[in-house]
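Reader: I am new to protein models and would like to learn how to read one feature at a time. Could you take me through this one, giving the general idea before each case?

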Amino acid sequence: MSNNNVQIFDTTLRDGEQVPGCKLNTEQKLIIAEQLDILGVDVIEAGFPVSSPGDFKSVEAISKIIKNATVCGLTRSVENDIKVAAEALKYAKRPRIHTGIGTSDSHIKYKFKSTQEDILERAFHAVKYAKSFVEDVEFYAEDAGRTDNEYLARVCEAVIKAGATVLNIPDTTGYCLPSEYGAKIKYLKENVKGIDKAILSCHCHNDLGLATANSIEGVINGARQIECTINGIGERAGNTALEEVVMILKQHPYLNLDTRIKTEMLYGISQLVSESMGIYTQPNKAIVGANAFAHSSGIHQDGVIKKRETYEIIDPKDVGVTESAIVLTARSGRAALAYRAKNLGYELTKLQLDDIYTSFLDFADNKKQVDDDDIHQIIEHSKLYKEIISS
Ligand code: KIV
Ligand code: ZN
């Protein structure tokens, strides 16, 4: 694998599915997992097998059908969790156990009522135990975002010695600033003995709207895996959005960081996840929102019609959207009206357009959006209608 390849670890079916009230059944999970595999994700985190019989069944069923991606199951640093995950993953072509423990002061003191040394031992033991079942073991240091870097480096060193292949550095609470998260990854890259034996992974939550920025800062500073979900779904404010990080890396080639994602599938898979979970995607959502390629102001419409790149940095086809939308509203100009009328078969002269535009504005003042039927109607009621259709 090239050093410029950023692995995409999709956790839609595990962290993403933690959205309250959005539980998926096994059949829905299988459909999504299959699409994720075709999309080209490197890892599918299929669930948390010990958490419920349903989750176990889903991880096992996904393991049986996935052809290319690594299939991963989450565990705590608890032997039974690890044993159950290994059992659920036994049919996977490429199984990975994702085990870990909280490493920040608040996790150690309040959640575990323990000490740094005890947590370090538990982490080491969990990875060693997981290694007795599978070769590929990822370790997460929960709340790494608020964990002291020196201690975090000691934990990373210990789990690498135990055989961890991937070190997940979660900003569990979405607290870090991009500069802080990037510096943390850099610190680990420079200070953990044996770091070359493992890949650093970014797992960022979006509580301050910084999940995507933090993940990108992480890979710029040496991480080579991003954990993310379709549409950025997940607990609270969600996780890093897969479609955002993938398109950022694609649109900034000078970063020299690639993924294997087939970006033309992004819009379709976004719709699939949103429909299966019953979660509506906000219209202004980057990349996959209904308005991501829609232009409504006259100035922008004129620019896009003359040259799409004037107001668009992504070709909509690259993410599976058929074309940019020129939305007609009371703020649209003549260029947009002429463009939409032309798509409906009306080639308007300047005089005809002037006439239609006046009626259009009256119409648009009373309606939020003017659609194709409305355009036909406006033209049919024009005094120049006969002239328009005979030209
Ligand atoms: O946010 C987090 O810390 C997690 C871990 C369990 C990986 O989801
Ligand atoms: Zn998480």
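**Reading the model step by step**

Author: The domain assignment divides the protein chain into domain 1 (7–277) and domain 2 (294–389), the bounds coming from an automatic or database domain assignment. This is a predicted model, in which local features need pLDDT of at least 70 and side-chain atom pairs count only at pLDDT 80 or more, whereas totals for chains, interfaces and linings use all residues. Residues are numbered from 1 along each chain as its sequence is written, chains are lettered from A and ligands numbered from 1 in the order in which they are written, and side-chain values use heavy atoms, with hydrogens and water left out.

Reader: How many residues of domain 1 are in contact with domain 2?

Author: Contact means heavy atoms within 4.5 Å. By that rule seven residues of domain 1 are in contact with seven residues of domain 2, while the C-alpha centres of the two domains lie 45 Å apart. Buried area is the accessible area (1.4 Å probe) that two parts lose on being put together, summed over both; here the area buried between domain 1 and domain 2 is about 530 Å², and carbon and sulfur atoms give 61% of that area. On the side of domain 1, Met 247, Gln 251 and Tyr 267 supply 63% of the area buried against domain 2, more than any other three residues.

Reader: What polar links are found between domain 1 and domain 2, and which elements of domain 1 give two or more residues to the side that touches domain 2?

Author: A polar contact is a pair of N or O atoms within 3.5 Å; within protein, one must be able to donate a hydrogen and the other to accept it, and residues adjacent in sequence count only if both atoms are side-chain atoms. Four residue pairs in polar contact, both residues at pLDDT 80 or more, are found across the interface of domain 1 and domain 2. The elements of domain 1 that give two or more residues to this side are helix H9 (242–251) and helix H10 (266–277), where helices (H or I, at least four residues) and strands (E, at least two) are DSSP runs numbered from the N terminus.

Reader: Is Asp 15 buried or exposed?

Author: Buried means under 20% relative accessible area, exposed over 50%, and partly exposed in between (1.4 Å probe, protein chains only). Asp 15 counts as buried because its relative accessibility is 3%, and His 203, at 5%, also counts as buried.

Reader: How many salt bridges does the whole structure hold?

Author: A salt bridge is a side-chain nitrogen of Lys or Arg within 4 Å of a carboxyl oxygen of Asp or Glu. A search of the whole structure finds 31 salt bridges, yet the count between domain 1 and domain 2 is zero. One of them joins Asp 42 to Arg 260, with the closest N and O atoms 3.0 Å apart. Asp 42 sits in the loop between H1 and strand S2 (43–47) and Arg 260 in the loop between H9 and H10, 218 residues apart. Asp 42 is buried at 9%, whereas Arg 260 is partly exposed at 44%.
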